[in-house]
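Q: Could you show me how to read the strands and helices of a model like this one, feature by feature?

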Amino acid sequence: MNIPKELRYTESHEWVRREADGTVAIGITDHAQEQLGDIVFVEAPQVGRKVAAGESVGVVESVKAASDIYAPIAGEVVAANADLSAAPEKVNEDAYASWMYRIKPDNVADLDKLLDAAAYEKSAS
Amino acid sequence: MLKTTPLNAGHRAAGARMVDFGGWDMPVNYGSQIEEHHAVRREAGLFDVSHMLAVDLEGPGARAFLQRALANDVAKLKAPGKALYSCMLTEQGGVVDDLIVYFFDDEHFRLVVNAGTAQKDLDWLDQLRVASGAQVKLTPRRDLAILAIQGPRARESFWQCFPDTRAATQDLVAFSAARIGDMMVARTGYTGEDGFEVILPAALAPAAWDKLVAAGARPAGLGARDTLRLEAGMNLYGQDMDESVSPLDAGLAWTVDMKTPRDFVGRKALEENGQRHDFVGLVLLDAGGVLRAHQKVHTPAGEGEITSGTFSPTLGKSIALARVPRGVKPGDTVQVAIRDKKLSARVVKPPFVRNGKSLLPN
């Protein structure tokens with residue numbers, strides 16, 4: 001499985017990356033895109049929305065099925081990746097380059113509660 | 001314990017993602033499902049459909065028995081090799097299964113039935129046989145495998161691998177079959193493309209598969225099979241119709257033959273109930289998701305429901321088959337509930353795609 005060491009993860013197959021500007025980028029893992037198959041639709045949450053940890057905030061649809069995207073930590077949505085509405089297949093091509101939305105965390109320390117690469121690998125296998 | 005086809009080890013070796021399909025361990029995709037779909041529309045794809053069951057019917061009562069058991073009329077089958085699509089109905093007019101029946105000679109027909117319903121079908125047919133006293137023997141042929149090679153280059157690829165079959169199969173018209181030794185080659189399919197379905201002894205299937213792949217036919221899984229059949233406007237049993245649904249409400253009136261007074265199972269119920277719904281195609285107009293089975297369809301005439309929906313790789317849009325109130329017409333715009341939104345869809349007459357080309361109105 002392709003699970004970069006420097007990212008954090010959720011059991012619901014999101015990856016989470018802390019950016020230099022203090023925001024957090026969120027996408028779905030390579031394992032998740034492989035399970036879903038060809039992705040044809042991505043719906044990210046609205047910018048400005050306040051989200052709670054574990055809340056369903058968006059959706060990814062493949063040819064086969066629809067799957068929710070969850071917020072890994074609490075915060076406010078500050079950006080959505082418009083490229084993916086036009087080209088959802090990018091998630092299949094490179095899941096870790098295809099961030100879906102960014103949030104400004106309520107509490108940066110919440111990131112420490114997420115899975116590290118080793119723990120995610122265990123959880124996903 | 002899942003059942004396996006003779007090609008199971010090959011699918012696994014090819015890295016297929018396997019799923020439980022009606023109790024069978026089957027490949028859903030090998031790599032990209034969309035690429036497999038395009039291969040069938042543009043060149044040739046290869047499917048293992050050995051989970052489906054061939055059932056031979058032999059005996060002097062075979063034709064009369066099928067005229068009683070099937071909603072379509074096997075009297076249409078006159079030339080040896082000719083095939084017919086039909087539903088088999090309950091007394092209440094629901095669909096027990098849909099199938100293809102092949103005519104070999106007056107005392108030998110062959111049915112090909114769905115995997116998930118195979119045992120139910122055998123029990124049902126046997127019960128009908130006993131009740132009617134028909135002189136017919138039913139033989140399920142689990143010793144056979146079924147391959148489908150589909151696409152504009154499918155027949156050429158097949159002949160390249162099996163040159164001895166060319167003479168007997170090159171003049172086959174659609175919906176007819178030839179038997180060459182212990183192989184049956186039919187110009188049928190479930191994709192809306194040209195091609196063959198090939199029934200052969202299970203032991204010969206792995207070598208035949210490998211040969212066809214070497215000749216350029218791309219292995220395609222059940223995922224692509226589903227998007228292809230939906231684009232082709234073909235029903236899937238268990239999804240678009242089942243025992244609770246009349247063929248008249250599933251877009252299959254064309255397969256129900258009531259031109260003669262023939263007494264087939266379910267006829268009385270069909271005549272009493274008539275057609276209660278229209279069965280239409282939908283094309284999603286708005287962005288916002290993918291049409292899927294069980295989504296509600298809101299029309300001026302009332303509420304309907306999607307029975308099959310997907311993203312169409314050929315059209316680049318989401319499409320669906322839906323059961324809607326009578327009076328909903330091609331060209332109408334309806335609303336489909338997807339999650340918390342209502343999205344617009346245009347009503348069209350299926351099929352959506354045939355022989356690689358869009359049939360959508362501009």
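A: We can begin with one pair of residues: B:A177 has B:A186 in β11(B) as its bridge partner. The strands β10(B) and β11 (residues 183-186) of chain B run antiparallel and are joined by four bridges. This is a predicted model, in which local features need pLDDT of at least 70 and side-chain atom pairs count only at pLDDT 80 or more, while totals for chains, interfaces and linings use all residues. Residues are numbered from 1 along each chain as its sequence is written, and chains are lettered from A and ligands numbered from 1 in the order in which they are written.

Q: How many strands form the open sheet with the order β10-β11-β12-β9-β3-β13 (chain B)?
A: In general, strands of a sheet pair through backbone hydrogen bonds, either parallel or antiparallel. Here two strands pair if DSSP finds at least two bridges between them, and strands (E, at least two residues) and helices (H or I, at least four) are DSSP runs, numbered from the N terminus. This open sheet has six strands, with mixed pairing. β10 (177-180) and β13 (218-219) of chain B stand at its edges with a single partner strand each, so one side of each has no neighbour in the sheet.

Q: Which strands does α5(B) touch where it packs on the sheet?
A: Contact is judged by C-beta atoms, placed from the backbone, that lie within 7 Å of each other. By that rule α5(B) touches β9 and β12 of chain B, and its direction makes about 35° with that of β12(B), where axes are lines fitted to C-alpha atoms, for helices over the stretch in contact, and angles run from 0 to 180 degrees between N-to-C directions.

Q: Which residues in helix α5 (residues 154-161) of chain B are buried?
A: A residue is buried if 20 or more other C-beta atoms lie within 10 Å of its own. In this helix, B:A154, B:R155, B:S157 and B:F158 are buried. They lie on the same side of α5(B), because they cover an arc of only 160° around the axis, taken from the directions from the helix axis to the C-beta atoms.

Q: At what angle do the axes of α3(B) and α4(B) cross?
A: Two packed helices are described by the angle between their axes and the distance between the axes. The axes of α3(B) and α4(B) cross at roughly 115° and come within 11 Å. That makes α3(B) roughly perpendicular to α4(B), a term for angles of 65 to 115 degrees. At this crossing, B:F65, B:R68 and B:A69 in α3(B) meet B:L125, B:L128, B:R129 and B:S132 in α4(B).

Definitions and conventions
Buried ≥ 20, exposed ≤ 12 C-beta atoms within 10 Å, placed from the backbone. Contact = placed C-beta atoms within 7 Å. Parallel < 35°, antiparallel > 145°, perpendicular 65-115°, else oblique.
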